[in-house]
Amino acid sequence: MVSHIVAFLALTHTVLAKVSPSFSDCRGQFYASTPPVGFDGLSSSLTPICQMYETYNNPFFASLYHKGNKYPLYSAYILDTRPGDVTGADQTFRLEPQLVDTRLPKQMNLQPATETAIRNLGISSTPADLIKQFQAINSDYTGSNYHKGHLNPNADHPDGPGQKATYTLTNVAPMYGSLNSGAWRNNEMRVRNIASTCGKMYVITGVVPGNNWISVNGVRRINIPSHIWSAFCCLNNNNQPIRAEGSLAPNNANTVQAGLSIASLQSQLKSLMGVTVTLFSNNCS
């Protein structure tokens, strides 16, 4: 029994090692290569993830994952500069194997393949149980009445691996269905059209942790955010900031505050979360 405890503690220590410390492998997803600051005041169980897909070695976007709440506090990415609402075919949502153990593959994968990789690594625990300790699984959302709300939406990328990479459970959070399909989707389309006027647009979309949970068989599985927020930094062709805005929405209604200044959004996030955050270097100005 003691050996099992020691093995578990060793695994826990491994898991606490960040998948990519300080986003060192994907800082290009952030304006001025500078990730947001202040979110570490919310939890000690945050893991930066450089989101990979299949055998592609380049990261497609970055997420700050909250292992306790089992969703990302935010995802950050570069929005492709094209208008409209082009969406690829839906994909099965994948998992992040390295949340279980950093020796596992760095690419996101489906749950059966992740369980096989865990067994092949020789970890003496049930693979499905290990996965559920550190992240959500698809069945957690079944019957919950909440959407798997993309923080980095697939339609912000061209059809292909860029879109498919967004279909990971480390890029979604429980979102009120009417909001996700209504006002928030409309706001995403608005920002997408603005991006067509930029030389480059950096986007960060995140959530505010709430007080309610999705429970499965009486066990709390996924925290339900109280709010959804997003911010963009638009650069001209000389990589100079020319426009920056934020959006904020309560996660129980079909309404969005859009066109907020970055300072105003950060002030409201401080009121909601109790921590001071800086989303963009110099507020993208």
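Because the model is predicted, local features need pLDDT of at least 70 and side-chain atom pairs count only at pLDDT 80 or more, whereas totals for chains, interfaces and linings use all residues. Residues are numbered from 1 along each chain as its sequence is written, and side-chain values use heavy atoms, with hydrogens and water left out.

The structure holds two cavities of 30 Å³ or more, a cavity being a set of points on a 1 Å grid over the protein atoms alone where a 1.4 Å probe fits but cannot get out, with lining residues having an atom within 4 Å of a point. Volumes are the space filled by probe spheres set on the points, which are joined across faces, edges and corners. The largest cavity contains about 90 Å³ of space, and its lining includes Tyr77, Leu79, Trp184, Asn187, Glu188, Val191, Val203 and Thr205. At least two lining residues come from each of β3 (71-79), α6 and β6 (200-208), these elements being DSSP runs numbered from the N terminus (helices: H or I, at least four residues; strands: E, at least two). Helix α6 gives the most to this lining, with four residues. By class, the lining of the largest cavity comprises seven nonpolar, three polar and two charged residues, where Ala, Val, Leu, Ile, Met, Phe, Trp, Tyr, Cys and Pro count as nonpolar, Asp, Glu, Lys and Arg as charged, and the others, Gly among them, as polar.

The second largest cavity holds about 30 Å³ and is lined by Arg190, Val191, Ser230, Ala231, Phe232, Glu245, Gly246 and Ser247. Here α6, β9 (227-235) and β10 (241-250) each supply at least two residues, and the lining divides into three nonpolar, three polar and two charged residues.

Helix α6 itself (residues 183-195) has 13 residues and spans 18 Å from its first C-alpha to its last, close to the 18 Å expected at 1.5 Å a residue, the expected span being 1.5 Å times one less than the number of residues. Its buried residues are Ala183, Trp184, Asn187, Glu188, Val191, Arg192, Ile194 and Ala195, buried meaning under 20% relative accessible area, exposed over 50% and partly exposed in between (1.4 Å probe, protein chains only).

Strand β1 (residues 46-53) is largely enclosed by the rest of the structure, because eight of its eight residues are buried. Leu46, Pro48, Cys50 and Met52 are buried on one side, and Thr47, Ile49, Gln51 and Tyr53 on the other, so that both faces are covered. Over seven bridges, β1 pairs in the antiparallel sense with strand β2 (residues 56-66), pairing requiring at least two DSSP bridges. Isoleucine 49 stands opposite serine 63 in β2, and in the hairpin of the two strands, which has two residues between them, glutamate 54 takes a positive phi near 50°.

The backbone oxygen of glutamate 54 lies 3.2 Å from a polar atom of the side chain of glutamine 107. Glutamine 107, placed in the loop between β3 and α2 (111-121), is buried at a relative accessible area of 17%. Leucine 110 occupies the loop between β3 and α2 but is partly exposed, at 31%; its C-alpha is 8.7 Å from that of glutamate 96, 14 residues apart in sequence. In the loop between α3 (127-134) and β4 (146-150), aspartate 140 is buried, with a relative accessible area of 3%, and its side chain reaches the backbone nitrogen of isoleucine 137 at 2.9 Å.

Key:
On a 1 Å grid over the protein atoms alone, a cavity is a set of points where a 1.4 Å probe fits but cannot get out, and a pocket is an open set with protein on both sides within 12 Å along at least five of seven lines; lining residues have an atom within 4 Å of a point. A polar contact is a pair of N or O atoms within 3.5 Å; within protein, one must be able to donate a hydrogen and the other to accept it, and residues adjacent in sequence count only if both atoms are side-chain atoms.
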